[in-house]
Amino acid sequence: MSTPERQLAVSGVTMRFAGLVALDDVSLSLKRGEVLGVIGPNGSGKSTLVNVISGVLAPTSGTVVIDGHDVTAVAPPIISRHGVARSFQTVRLFRRLSVRDNVAGVVRKAKRPVDQIVDEWLERLGILHLADRLAGDLAYGLQRRVEIARALATGPGYLLLDEPAAGLNDTESADLERVIRSIAEDRELDCGVLIIDHDMRLITSLCDRLQVLFNGKTIAEGIPSDVRNDPAVVEAYLGTRPSPAKG
Amino acid sequence: MNTFSRRRLRNAFITWAMLATVFLVVTLLAEFVLDRGQSRMATEFMILASLVVAIQSYVGNSGLLSFGHVAFFAVGAYIAGLAAMSPEKKEQFLPNLPDWVISLEASLPLAILIAVIGVAIFAAFTGVPISRMHQSVIPMATLALLVMTHTVVNLWDDVTRGTRGLVSVPDLVTTWTVFATAVAITGAALLYAASPAGLRLQVVREDPIAAAALGIRVAATRFTGWMVSAVLMAIGSAVWALNSLAFGPEQFFFAQTFSLLAMLIIGGTGSVTGAIAGTAIVSVINESLRGLERGFAIGPIQVPELPGLIQLVVALALLLLLIWRPAGLFGNRELSIPRRRR
Ligand SMILES: Nc1ncnc2c1ncn2[C@@H]1O[C@H](COP(=O)(O)OP(=O)(O)O)[C@@H](O)[C@H]1O
Ligand SMILES: [Mg+2]
C-alpha cells in the first residue's frame with residue numbers, strides 16, 4: 001500500500017437484520033473538508049449506515065476503510081481512534097455530568113490544558129455559558145450542540161451527524177448550519193462531515209454532494225442541484241412528500 | 001498531565017481539605033475529649049468511613065453496585081492479620097501455615113503493603129472477566145464473588161481457622177494512624193474521581209454505548225476503577241484488621257455487605273462526602289440502638305432482647321431514603337465552598 005488516501009470509504013456494504021435488508025450493496029466516500037449529505041425516507045437505512053461505519057454494527061458484507069486502514073467490524077472505540085466521531089439520532093448525552101465534563105470526558109490527548117480545549121469547543125458551539133449545567137437539564141436544541149462539541153473534542157477526521165437538525169427551530173437550524181460549515185471549512189481541523197437530514201433547504205445549501213438511499217439502496221448521487229431533479233429521487237423520495245424547499 | 005482538568009483537581013482538593021478537617025476534629029475529640037468507649041467508636045467510624053469511601057470509588061463512578069468489595073475486605077483483613085500476628089501465636093493457632101508465613105511478623109506498613117498486593121492480585125483476576133460483562137449482570141457476578149470468598153474463608157481451616165476465626169491479631173493501630181488512613185483514602189478517592197480515568201468511568205456510567213462510540217474502552221475503564229477501589233479497600237481492611245484483634249468469616253458476609261452498602265447509599269453513592277455522611281448516620285443508629293437490642297425495661301414492663309433491631313432500623317431508613325431521595329442525601333454533590341457568581 002502506498003500513501004493511504006485520506007478518505008472514509010465504504011464499499012459494497014450489505015446489512016441484513018433477520019430477513020430485512022437494511023443496506024444493500026451501499027458504497028460511499030467522504031474526503032476531508034467535504035460535506036456529504038445522505039438523504040432518504042424513513043427506514044431507508046441511513047442510521048444503519050452510520051452504525052456500520054462507527055462500528056456499532058458489523059456489516060453482513062462489504063468493507064469500511066478509513067485513511068487506508070480496513071476497520072470493518074472493528075470495535076467502536078478503535079474506530080473512534082481512527083478519527084471517526086458521530087452523533088446519535090436520539091441524543092445520547094452523559095446526562096448527569098456537566099456540559100463541560102461531557103466534552104472533557106472524551107478528550108484523549110491534549111497538547112494544551114484540557115480545560116482550555118473544552119472551553120474553546122463550547123465557545124465555538126455557543127454553549128460556554130452553559131458549561132456548568134447538567135447536560136440532561138438542557139433544552140433539546142442545546143443538547144444537540146453539546147453532542148457536536150463532544151464529537152469534535154475527540155479530534156475526528158470524519159464527523160457523522162445523524163439528523164442533527166431534527167427538532168430544531170429555524171434559528172437553531174440556521175446556527176447549526178453555520179457551525180457545520182465552519183467545521184468543514186476549517187483547514188486546521190481537516191475534517192469531513194457526513195450529515196443525514198430531512199430538511200432539504202439545509203442539506204442543499206450545506207452539502208458538496210448528496211447521496212440518496214431508498215430501501216437500503218443508493219438510487220442517486222451527485223451535486224445537490226442535479227440530485228434534486230433526478231427523476232428517481234423525485235419519485236422515490238421527494239415525491240412522497242410536498243417539497244419543503246423552494247428554489 | 002494536560003488531560004488532568006485543573007478545575008476538577010482544584011474542586012477535589014477543596015473537598016479533601018474539608019473532609020480531612022472533619023476527620024481531624026473527630027480524631028482530636030477521640031484523643032483529648034471523649035472517654036475510652038466513645039473514642040473507640042470514633043476510631044471505628046473513621047475506619048468504616050475509609051472502607052465505604054473505597055467502595056464508593058467503584059460504585060459511585062461506575063454506577064454498578066458491587067457486593068464483591070466485602071470479598072476484598074475479607075482477603076485484605078486476613079492477609080494483614082496473618083502477616084502481623086506473632087510467630088508464636090501462629091505456631092500455636094495455625095501450625096499448618098507454611099514456614100515463611102509463620103516466621104513473618106509484619107509492621108503496620110508492611111502488613112498494609114502485603115494486603116494491598118494480595119488484594120490487587122485477587123482483584124485483577126476477578127476484574128478482567130467482570131469488567132467485560134454487560135452492566136446488567138455485573139452486580140450479580142460480584143455477589144457470586146462474595147459467596148465464593150466467604151465459602152473459602154469458612155472452609156480453609158489451615159489458614160483462616162475456619163469459623164473460629166483469627167485471634168491474637170496484634171493491635172498496631174492508633175487513632176492517628178486511623179486518621180491518616182481515612183485522610184489518605186479519601187484523598188485518593190477524590191483524586192481518582194477528578195482524574196481523566198475517573199471521569200471516563202462516570203462517562204461510561206451515563207451511557208456506555210455513546211462512550212464507546214467516542215473512543216472510550218468500556219471494559220478497560222471499568223477495570224481501572226475496580227483496581228483503584230480494590231487497593232483502597234485493601235488499605236482500609238488491613239487497618240480494620242489490626243484494630244480488631246479478632247475476627248471471623250461471619251464479619252465478611254451479608255450483614256456486613258448490607259451495612260456498608262446502606263451507609264454508601266444513604267449518604268449518596270455519587271459522592272465521597274455522601275459516603276462519609278452515610279457512615280456517620282448509620283454509625284449513630286448502630287450506637288443508639290445497641291443498648292435497646294440487649295433488652296430494656298419501661299417501668300415494670302421488661303422488653304426482651306431484640307436481636308436484629310439495628311439491622312431492621314437501618315433497612316427501614318434505607319428504604320425510606322430510596323423512596324424520598326433515591327440519589328441519597330448528597331446525590332452527586334461534594335462538600336465545597338459555595339460557588340461564586342461570575
Ligand atoms: N438493530 C436493528 N435490528 C433490526 N432492524 C433494524 C435495526 N436497525 C435498523 N433496523 C431496520 O433497518 C431499516 C433501516 O433503518 P434505519 O437505518 O434506522 O433507517 P433510517 O435511519 O434511514 O430512517 C428499518 O426497517 C429498521 O427497522
Ligand atoms: Mg435514522
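Me: How many helices and strands does the secondary structure of chain A come to?
Reply: This is a predicted model, and the counts below refer to its coordinates. In chain A the secondary structure amounts to 9 helices and 10 strands.

Me: What radius of gyration does chain A have, against that of a compact globule?
Reply: Chain A has 247 residues, for which a compact globule would have a radius of gyration near 18 Å. The C-alpha trace spans about 50 × 45 × 35 Å along the principal axes of chain A. The value for chain A agrees with the globule rule, at 18 Å.

Me: What part of the contacts in chain A between residues at least 6 apart in sequence joins residues at least 24 apart?
Reply: Buried residues account for 55% of the 247 residues in chain A. Of the contacts between residues at least 6 apart in sequence, the share in chain A that joins residues at least 24 apart is 67%.

Me: How far apart are the mean positions of the positive and negative charges of chain A?
Reply: The accessible surface of chain A is about 10600 Å², and 51% of that belongs to carbon and sulfur atoms. Chain A carries 29 positive and 31 negative charges.

Me: Which residues coordinate the magnesium ion (ligand 2)?
Reply: Two atoms coordinate the magnesium ion (ligand 2) at 2.1 Å, OG of one residue and OE1 of another. One residue lies in helix α1 (residues 46-53) of chain A and the other in the loop between β6 (84-86) and α3 (99-104), so the pair ties together parts that are 42 residues apart in sequence. The residues are Ser47(A) and Gln89(A).

Me: Is Gln89(A) buried, partly exposed or exposed?
Reply: The other ligand of the magnesium ion (ligand 2), Ser47(A), has 21% relative accessibility and counts as partly exposed. For Gln89(A) the relative accessible area is 33%. Buried would need under 20% and exposed over 50%, so Gln89(A) is partly exposed.

Me: What is the phi of Asp25(A), and where does the residue lie?
Reply: Most residues other than glycine have a negative phi. Asp25(A) is not a glycine, yet its phi is positive, about 55 degrees. Asp25(A) counts as exposed at 52% relative accessibility, and its place is in strand β2 (residues 20-31) of chain A.

Me: Where is Asp190(A) found?
Reply: Asp190(A) is a residue other than glycine with a positive phi, near 55 degrees. With 23% relative accessibility, Asp190(A) counts as partly exposed. Asp190(A) is in the loop between α6 (170-185) and β8 (192-196) of chain A.

Me: What radius of gyration does chain B have?
Reply: Chain B contains 15 helices and 2 strands, and its C-alpha trace spans about 60 × 60 × 40 Å along the principal axes. A compact globule of 342 residues would have a radius of gyration near 20 Å. Chain B agrees with this, at 20 Å.

Me: How far apart do the centres of the positive and negative side chains of chain B lie?
Reply: Chain B exposes about 15500 Å², with 68% supplied by carbon and sulfur atoms. There are 23 positive and 17 negative side chains in chain B. The centres of the two sets lie apart by 19 Å.

Me: How many of the residues of helix α10 of chain B are buried?
Reply: Helix α10 of chain B covers residues 196-206, and its buried residues include Pro196(B), Leu199(B), Arg205(B) and Glu206(B). They pack against α3 of chain A as well as α1 (6-32), α2 (36-62), α9, α11 (208-213) and α12 (218-244) of chain B. The helix is largely enclosed by the rest of the structure, because the buried count out of 11 residues is 10.

Me: Which residues is Asp171(B) in contact with, leaving aside neighbours within four places in sequence?
Reply: Asp171(B) lies in the loop between α8 (157-160) and α9 (175-194) of chain B, and counts as partly exposed at 45% relative accessibility. Beyond four places in sequence, the contacts of Asp171(B) are Leu242(B), Asn243(B) and Leu245(B).

Conventions:
Residues are numbered from 1 along each chain as its sequence is written. Chains are lettered from A and ligands numbered from 1 in the order in which they are written. This is a predicted model: local features need pLDDT of at least 70, side-chain atom pairs count only at pLDDT 80 or more; totals for chains, interfaces and linings use all residues. Side-chain values use heavy atoms; hydrogens and water are left out. Helices (H or I, at least four residues) and strands (E, at least two) are DSSP runs, numbered from the N terminus. The radius of gyration is taken over C-alpha atoms; the globule rule is 2.2 Å times the number of residues to the power 0.38. Buried means under 20% relative accessible area, exposed over 50%, partly exposed in between (1.4 Å probe, protein chains only). Contact means heavy atoms within 4.5 Å. Accessible areas come from the Shrake-Rupley method with a 1.4 Å probe; for residues, only the protein chains shown count as cover. Lys and Arg count as positive and Asp and Glu as negative; His and the chain ends are not counted. The place of a charge is taken as NZ of Lys, CZ of Arg, CG of Asp or CD of Glu. Donors are N, O and S atoms within 2.8 Å of the metal (3.2 Å for Na, K and Ca); water is not among the atoms, so sites may look incomplete.
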